[in-house]
Amino acid sequence: MNILEVNHLVKHFASQKAVDDISFSIAPGSIFGLLGPNGAGKTTLIRMITGIFFPDAGSISFDGRKFQPEEDIAQIGYMPEERGLYKKMKIGEQALYLAQLRGMSRADAMAAIKDWFVRLEMESWWNKKVEDLSKGMSQKLQFVTTVLHRPKLIILDEPFSGLDPVNANLIKDEIFRLAQEGATIIFSTHRMEQVEEICKQIVLVNKGKKVLDGTVDQVKQDFKEHLFAVGAAADAGQWQTPLFNVIGQKDQKAIIKLQDGVSNNEVLQYLIQQGVSIQSFNEILPSLNDIFIKIVEGTPTARKFDASL
Ligand SMILES: Nc1ncnc2c1ncn2[C@@H]1O[C@H](COP(=O)(O)OP(=O)(O)OP(=O)(O)O)[C@@H](O)[C@H]1O
């Protein structure tokens with residue numbers, strides 16, 4: 001059973017369709033990437049999933065039944081991009097207050113906060129005020145207050161913005177741990193390299209419509225362009241064959257693009273016949289960033305090799 005299913009969701013603002021007939025489902029325990037350029041409709045979608053907006057059309061089911069915002073919201077942790085902390089309140093009190101607001105007893109909240117503060121190296125912060133925290137520090141606090149009550153569904157909008165690499169890794173490890181313990185994570189971002197590292201499944205939204213839906217591995221296979229990097233002690237400029245084109249050079253390897261229907265073995269046979277000493281032969285799969293740009297801008301992914309032609 002899926003933890004979340006959105007079916008044909010639509011949301012208009014005046015005449016603009018911010019979300020235009022979007023459907024997808026998320027299995028429990030997965031880390032799911034909701035991607036799209038600025039203004040694509042991600043926040044509007046999340047606001048419907050968290051009960052902030054009612055959809056104009058379509059339906060949402062949560063944990064196997066119709067989504068009931070008033071009841072289900074206790075099972076959802078949402079960390080929005082714009083932070084909603086009380087500036088004058090002390091950090092420990094704030095975490096305690098928010099946890100109790102989400103239904104935890106004071107004793108449970110206290111134990112959980114202490115655990116999290118140790119885990120994220122925040123023990124000495126208890127009596128600091130939010131207004132005295134740096135951007136990255138308040139980001140960590142916001143993360144803790146989002147996950148403290150052990151929600152089934154955790155929605156994180158740009159969770160790494162403002163974090164240095166060490167703190168980003170700390171939070172990343174916690175995201176993996178929460179998923180392993182059964183929570184489902186929706187991760188909304190423009191940062192594709194983070195998505196490749198963290199998410200199994202993605203949905204890409206553009207101009208209010210879903211334009212891509214699948215596992216990261218499958219999407220990369222679907223968009224591959226039969227590019228290979230050949231490490232060889234040879235001048236690739238001498239290779240004249242109908243099997244492939246040499247389209248550039250990268251990291252001292254020749255980048256070749258195979259013609260449709262040509263197998264790796266045919267290419268290797270050709271190179272061996274030419275007396276080439278092959279040190280490596282690897283397929284180049286497109287990065288999610290390449291795929292994102294190709295879909296959103298309609299630009300070919302091979303363009304990044306143009307400069308070295
Ligand atoms: N409350 C609102 N009133 C009017 N228009 C809105 C409102 N919220 C969003 N929109 C419009 O809906 C469209 C989708 O916006 P949304 O905030 O969902 O995009 P997004 O994908 O989250 O973008 P970003 O990555 O920049 O945060 C945009 O064109 C935006 O101007």
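Visitor: Is Phe228 buried, exposed or partly exposed?
Guide: This is a predicted model. In it, Phe228 counts as partly exposed, because it has 18 C-beta neighbours inside 10 Å. Buried would take 20 or more.

Visitor: Which strand does Phe228 lie in?
Guide: Strand E11, residues 227-232.

Visitor: And what is Phe228 in contact with, leaving aside neighbours within four places in sequence?
Guide: Ile256, Leu258, Phe281, Asn282, Glu283 and Ile284.

Visitor: How many Å apart in space are Phe228 and Gln249?
Guide: 11 Å, C-alpha to C-alpha. In sequence they are 21 residues apart.

Visitor: Switching topic. How is the chain divided into domains?
Guide: Domain 1 is 4-215 and domain 2 is 221-308. Their C-alpha centres lie 39 Å apart.

Visitor: How many residues does the contact take from each domain?
Guide: 10 from domain 1 and six from domain 2.

Visitor: On the domain 1 side, which elements give two or more residues?
Guide: Helix H7 (192-198), strand E9 (201-206) and strand E10 (209-215). H7 has the largest share, four residues.

Visitor: What classes of residue does that side have?
Guide: Seven nonpolar, one polar and two charged.

Visitor: Now H6. How far apart are its end C-alpha atoms?
Guide: 22 Å. That agrees with expectation, because 16 residues (165-180) at 1.5 Å a residue should span 22 Å.

Visitor: Which residue with a positive phi follows H6?
Guide: Gly182, with phi near 110°.

Definitions and conventions: Residues numbered from 1 in each chain as written. Predicted model: local features only at pLDDT ≥ 70, side-chain atom pairs only at ≥ 80, totals over all residues. Expected span 1.5 Å × (residues − 1). Buried ≥ 20, exposed ≤ 12 C-beta atoms within 10 Å, placed from the backbone. Contact = placed C-beta atoms within 7 Å. Domains from an automatic or database assignment. Nonpolar A, V, L, I, M, F, W, Y, C, P; charged D, E, K, R; others polar.
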